[in-house]
Amino acid sequence: MKELFPALLNNKDSVYLDSAASSIKPKAVIDAINDYYLNYSCNIDRGVYKESISATNKCNESREMVAKYINAKKEEIVFTRGASNSLNMVAMMISETLNDGDEVITSELEHHSSFLPWLNVSKHKNIVLKFVELTSDAKITVENFKKVLTNKTKVVALTHVSNVLGYKTPIEEIIKLSHEVGAIVSIDGAQAIPHMKIDVKALDVDFYSFSLHKMCGPTGLGVLYGKKELLEKYNPVELGGEMNDEVSIDSVTYKAIPHKFETGTMPIASIFAVKPCIELLNSIGIDNIEKRSVYLRNLALKEMMKMDDIIVYNASEESSIIAFNIRGVHSHDAVSSLAEDNICIRAGHHCAEPLHKFLKLSSTLRASFYFYNDEEDVRKFIDGLNKTIEFFKEVGYIG
């Protein structure tokens, strides 16, 4: 499998276990980006010359592929700069319709990109920001969600899968309960879609946001799925070229969805790369991808649980992520030592500072596995951990 990924071949000494931050790109994705710059390098939806028409057709094909991949209509797929951009757009769109006393439900489990847009709204509008109480091990449950859901709830903004702990939120039941009180549900799917089959119609979700770069796609490209009737209802939050239909000095009308939300020149090269990205995932199968990721994660976890100086925070969860620390060693010191052995993992609060405060931790180490990893990566990772622990014992960090 590694032969499909040039970065893995060009860095054979490195063990890449940071796919929750960004996945490695296959050659087919890189070739598609190069194809745009080598053979097109023009704008879309504007020119009548053959290059522009062909580029426009390729981008339309990419939109259709995303729609099919998550079981949506193509006009319900808005291309954005990333999941963060998508989540911010949702918050800004909906905020215009909120009134004093309206309630928005979120959680301390969220990535900052899911939580901060609503915190910002609460600073400018007199709304009530409510948090689902997490369990002692930092999970969202339906029971605790019901405790904060009221007839005043207008928006529910939650993560599908935690980027720190890998916990899966029971969004199916949460969406159903939210709709019973007339609330709109916005889900951060950035960590879910690389590992799970997402069917937005079956979920009945109102908005679903994700990035391509976490699922072997290009950087700088995200997707905002929104139900057709909602995208038609809300106004765009970014204004400029190409999203308008008619402009005068005192008024503007907008294009039909999704184009009214796509302002200016889009990340065309990245959109070109959507097709090979989705074709790769389809050829392997999302169930196989998750099975492989979890298998490797559990293989590493089994060895880590034998180490007295390792503290694992999500050992019971079946996911691709291991959140842990080395006893007595700051995560940044640990990750620096591991990096000397070319072990590539993440350290910090992972853009989820409220969660770390809930856990009473300043930071954690995060190893995240994907289908292009193998057993040799696991072995090198465990060897690197043992070497790091021995080093910190020698310098007196570990008693």
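How do the residues of the lining of the largest cavity divide into nonpolar, polar and charged? They divide into 4 nonpolar, 5 polar and 2 charged, where Ala, Val, Leu, Ile, Met, Phe, Trp, Tyr, Cys and Pro count as nonpolar, Asp, Glu, Lys and Arg as charged, and the others, Gly among them, as polar. Please keep in mind that this is a predicted model, in which local features need pLDDT of at least 70 and side-chain atom pairs count only at pLDDT 80 or more, while totals for chains, interfaces and linings use all residues. Residues are numbered from 1 along each chain as its sequence is written, and side-chain values use heavy atoms, with hydrogens and water left out.

**Cavities**

- On a 1 Å grid over the protein atoms alone, a cavity is a set of points where a 1.4 Å probe fits but cannot get out, a pocket is an open set with protein on both sides within 12 Å along at least five of seven lines, and lining residues have an atom within 4 Å of a point.
- Grid points are joined across faces, edges and corners, and a volume is the space filled by probe spheres set on the points.
- By this rule there are 4 cavities of 30 Å³ or more.
- The largest cavity holds about 90 Å³ of space, and its lining is made of Val161, Gly166, Lys168, Gln191, Ala192, His195, Met196, Glu290, Ser319, Ser320 and Ile321.

**Pockets**

- The largest pocket has about 270 Å³ of space.
- Its lining counts 21 residues, and those nearest the centre are His111, Asn163, Ala190, Gln191 and Lys214.
- By class, the lining of the largest pocket has 7 nonpolar, 10 polar and 4 charged residues.
- Helix H4 (residues 83–95) gives the most to this lining, with 3 residues; helices (H or I, at least four residues) and strands (E, at least two) are DSSP runs, numbered from the N terminus.
- The second largest pocket has about 160 Å³ of space, and its lining residues are Ala32, Asp35, Lys58, Glu61, Ser62, Phe272, Lys275, Pro276 and Glu279.
- Two or more residues of that lining come from each of helix H2 (27–39), helix H3 (50–70) and helix H11 (274–284).
- The lining of the second largest pocket divides into 3 nonpolar, 1 polar and 5 charged residues.

**A closer look at lysine 214**

- Lysine 214, one of the residues nearest the centre of the largest pocket, sits in the loop between strand S7 (207–211) and strand S8 (222–226).
- With 13% relative accessibility, lysine 214 counts as buried; buried means under 20% relative accessible area, exposed over 50%, and partly exposed in between (1.4 Å probe, protein chains only).
- Leaving aside residues up to four places away in sequence, lysine 214 touches Ala20, Ala21, Ser23, Ala190, Gln191, Pro194 and Tyr370, contact being heavy atoms within 4.5 Å.

**Salt bridges**

- The whole structure has 23 salt bridges, each a side-chain nitrogen of Lys or Arg within 4 Å of a carboxyl oxygen of Asp or Glu.
- Lysine 2 pairs with aspartate 374, with the closest N and O atoms 3.5 Å apart.
- Because lysine 2 lies in the segment before helix H1 (6–10) and aspartate 374 in the loop between strand S15 (364–368) and helix H15 (375–394), this pair ties together parts that are 372 residues apart in sequence.
- Lysine 2 is partly exposed at 23%, and aspartate 374 is partly exposed at 23%.
- Lys2, Asp374 and Asp377 are linked in a network of salt bridges.
- Aspartate 309 and lysine 393 form a salt bridge at 3.4 Å, N to O.
- This pair links distant parts of the chain, 84 residues apart: aspartate 309 in the loop between helix H12 (286–304) and strand S11 (310–312), and lysine 393 in helix H15.
- Aspartate 309 is buried at 13%, whereas lysine 393 is partly exposed at 36%.

**Nonpolar cores**

- The largest nonpolar core has 77 residues, and Ile70 and Phe371 have the most contacts inside it; such a core is a set of buried Ala, Val, Leu, Ile, Met, Phe, Trp, Tyr and Cys residues joined through side-chain atoms within 4.5 Å.
- H3 supplies the largest share of this core, 7 residues.
- Another core, of 29 residues, lies apart from it and includes Leu296, Ala300, Ala367 and Phe369.
- Not counting residues up to four places away in sequence, isoleucine 70 touches Ile77, Ile193, Ile198, Asp199, Val200, Phe210 and Tyr225.
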